[in-house]
Amino acid sequence: MNHTATLGENYTILPFEMDEGVMARAAIGLVVLETDQTIEHEWRQIMQLPGVAYFEARLPSPADIGLASLARMEAHITPATRLIVPDVELDVVAFGCTSGSIVIGEDKVFAQIRDARPGVACTTPITAAMAGLHALGVRRTALITPYVHSINEVFKQHIEAGGIEVPRIATFNHANDSEVARIDRASLRAAILAAGAESDVDAVFVACTSLRMANLTREVEEELGKPVVSSNCAMAWHALRLAGVRDSLPRFGRLFEV
């Protein structure tokens, strides 16, 4: 007996075909800290591209940012990566913590990601920022962070080891990630314009995925006359480029034109 017939004449099983879904051009995975309030909001704006999709998972993270607490996140990277649409082949996985990527080490972050997704292209905010600064031809950057002194020193050493000088550091000196996400537009703008105006820098790097920069970058670049690179924008740019998506998005800054 035809099983379909037993369902009744008013019940129809429809034929279908499948396409590539929402990710015809790129599927990007994003690991987000449990305390982060900003990165998803900014990536939703940047990633509004036909055929590009990003999927995320969160991992345990400290509210108070310190060297020891950042290092402990390493153990959670692989489990979080496994949760990102496990049946979908991802083009790129991005780990959303700037300071954590430096403290843990980019290679170790990538190894943890690839334990769950062998062979996948990887990026972090600092990986992306360095790639972006080099792509823009930057030799000396001001560094703006929300971090305490011990973390800022690690940042400076890391950036300079990558071939870019850091003559100036300006910090909000605040360790609570939840509150860092509420640092307002006026505070960020003033900090960027002050640090970037100095003659010994040719760009500004605003580090931390909690800082809201996506809708501020173009404005301050035009006023300053120098490139401004931020964690979330740089990582979105780098993830897109690693996935082969080269769309120009100038509203998010000069970086999206290279």
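Glu223 and Arg189 form a salt bridge, with their closest N and O atoms 2.7 Å apart. This pair links distant parts of the chain: Glu223 sits in helix 10, Arg189 in helix 9, and 34 residues separate them. The model is predicted, and the distances here are computed from it.

Stay with Arg189. A salt bridge also joins Arg189 to Glu219, where the closest N and O atoms are 3.4 Å apart. Arg189 belongs to helix 9 (residues 185–196) and Glu219 to helix 10 (residues 217–224), so this pair ties together parts 30 residues apart in sequence. Salt bridges with shared partners join four residues into one network: Arg185, Arg189, Glu219 and Glu223.

Glu223 has a relative accessible area of 46%.

Now turn to another part of the chain. The side chains of Arg58 and Glu40 meet in a salt bridge of 2.3 Å, N to O. Here a strand is linked to a helix. Arg58 lies in strand 2 (residues 52–59), while Glu40 lies in helix 1 (residues 39–46). The two residues are 18 apart, and the pair links distant parts of the chain. Arg58 is partly exposed, with a relative accessible area of 35%. Glu40 has 12% relative accessibility and counts as buried, because buried means under 20%. A search of the whole structure finds 10 salt bridges, and the pair of Arg58 and Glu40 is a salt bridge.

Helix 11 comes next. Helix 11 covers residues 231–242, which makes 12 residues. From first C-alpha to last, helix 11 reaches 16 Å. That is close to the 16 Å expected at 1.5 Å a residue.

How much of helix 11 is buried? Of its 12 residues, 11 are buried, and the helix is mostly covered.

What follows helix 11? Gly244 does, and its phi is positive, near 85°.

Definitions and conventions. Residues numbered from 1 in each chain as written. Predicted model: local features only at pLDDT ≥ 70, side-chain atom pairs only at ≥ 80, totals over all residues. Heavy atoms only, no water. Helix = DSSP H or I, 4+ residues; strand = E, 2+ residues; numbered from the N terminus. Buried < 20%, exposed > 50% of the residue type's maximum accessible area, 1.4 Å probe, protein only. Expected span 1.5 Å × (residues − 1).
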